[in-house]
Amino acid sequence: MSSFVESHVEEAALCWLGELGYQVAYGPNLQPEGPSQERSAFGDVLLLGRVESALARLNPTLPASALEQALRKVLGIEGASLIEQNRNFHRLLVDGVPVDYRSADGEVRHDHARLIDFANPDANDWLACNQVTVTDGKFNRRPDVVLFLNGTPIATLELKNAADENATILKAWQQLQTYKQEIPLLF
């Protein structure tokens, strides 16, 4: 019987991500009432403080009203399906969030608030967080690792014990499908 368990895979993944430049955090520390609370509720999947910080850092010429408008749009992603919502969010990530504001001379300006610094990836906030509990309605799930970019979840990793012959890539894929159905907020 092997003493190798899935948590070893998780620890190795976090170590590797840390070597790539990700900040690594333990999910329960970021949850409501955790020591580093970055989520006010288990249904919150955006790390709002990090999103707000990134908006301010990446868009120094935009007024606060435009940054607030951008945040509202990010929080209110619309779409009839999860795929459509993802397309809409991807567009905001790639193109920036369209915002309007009045300049000092009273003229209405149209601009885009950037959510990611593509030119300088090191200017972004990269976070790998394990055991993030997400609640959506009656469902309560805890993915193995969630990757955040500037406070937005961009990837969910479902890891399996390589020493367990019943732990297959298919089982990991099926687990991700369950997450998509039961905690779509994360996706």
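**Notebook: salt bridges and cores**

I looked up Asp105 and found that it counts as exposed, at 57% relative accessibility. I'm working from a predicted model here.

Its partner came next. Arg109 makes a salt bridge with Asp105, with the closest N and O atoms 3.8 Å apart. Arg109 is partly exposed, with a relative accessible area of 31%.

Then I searched the whole structure for salt bridges and got seven. One of them pairs Arg50 with Glu38, closest N and O atoms 2.6 Å apart. Arg50 sits in helix 3 and Glu38 in the loop between helix 2 (27-30) and helix 3, twelve residues apart.

What else does Arg50 form a salt bridge with? It pairs with Asp125, closest N and O atoms 2.9 Å apart. Asp125 is in the loop between strand 3 (108-113) and strand 4 (126-130), so this pair ties helix 3 to a part of the chain 75 residues away in sequence. Both Asp125 and Arg50 are buried.

On to the nonpolar cores. I noted 19 residues in the largest one, and Leu55, Leu62, Val97, Ala113 and Leu115 have the most contacts inside it. Helix 3 (48-58), helix 4 (64-75), helix 5 (82-95) and strand 2 (97-102) each supply at least two of its residues. Helix 4 gives the most, five residues.

I followed up Leu55: beyond its neighbours within four places in sequence, its contacts include Leu67, Ala70, Leu71 and Ala113. I also logged a second, separate core of 13 residues, among them Leu127, Val134, Tyr179 and Ile183.

Technical notes
Residues are numbered from 1 along each chain as its sequence is written. This is a predicted model: local features need pLDDT of at least 70, side-chain atom pairs count only at pLDDT 80 or more; totals for chains, interfaces and linings use all residues. Side-chain values use heavy atoms; hydrogens and water are left out. A nonpolar core is a set of buried Ala, Val, Leu, Ile, Met, Phe, Trp, Tyr and Cys residues joined through side-chain atoms within 4.5 Å. Buried means under 20% relative accessible area, exposed over 50%, partly exposed in between (1.4 Å probe, protein chains only). Helices (H or I, at least four residues) and strands (E, at least two) are DSSP runs, numbered from the N terminus. Contact means heavy atoms within 4.5 Å. A salt bridge is a side-chain nitrogen of Lys or Arg within 4 Å of a carboxyl oxygen of Asp or Glu.
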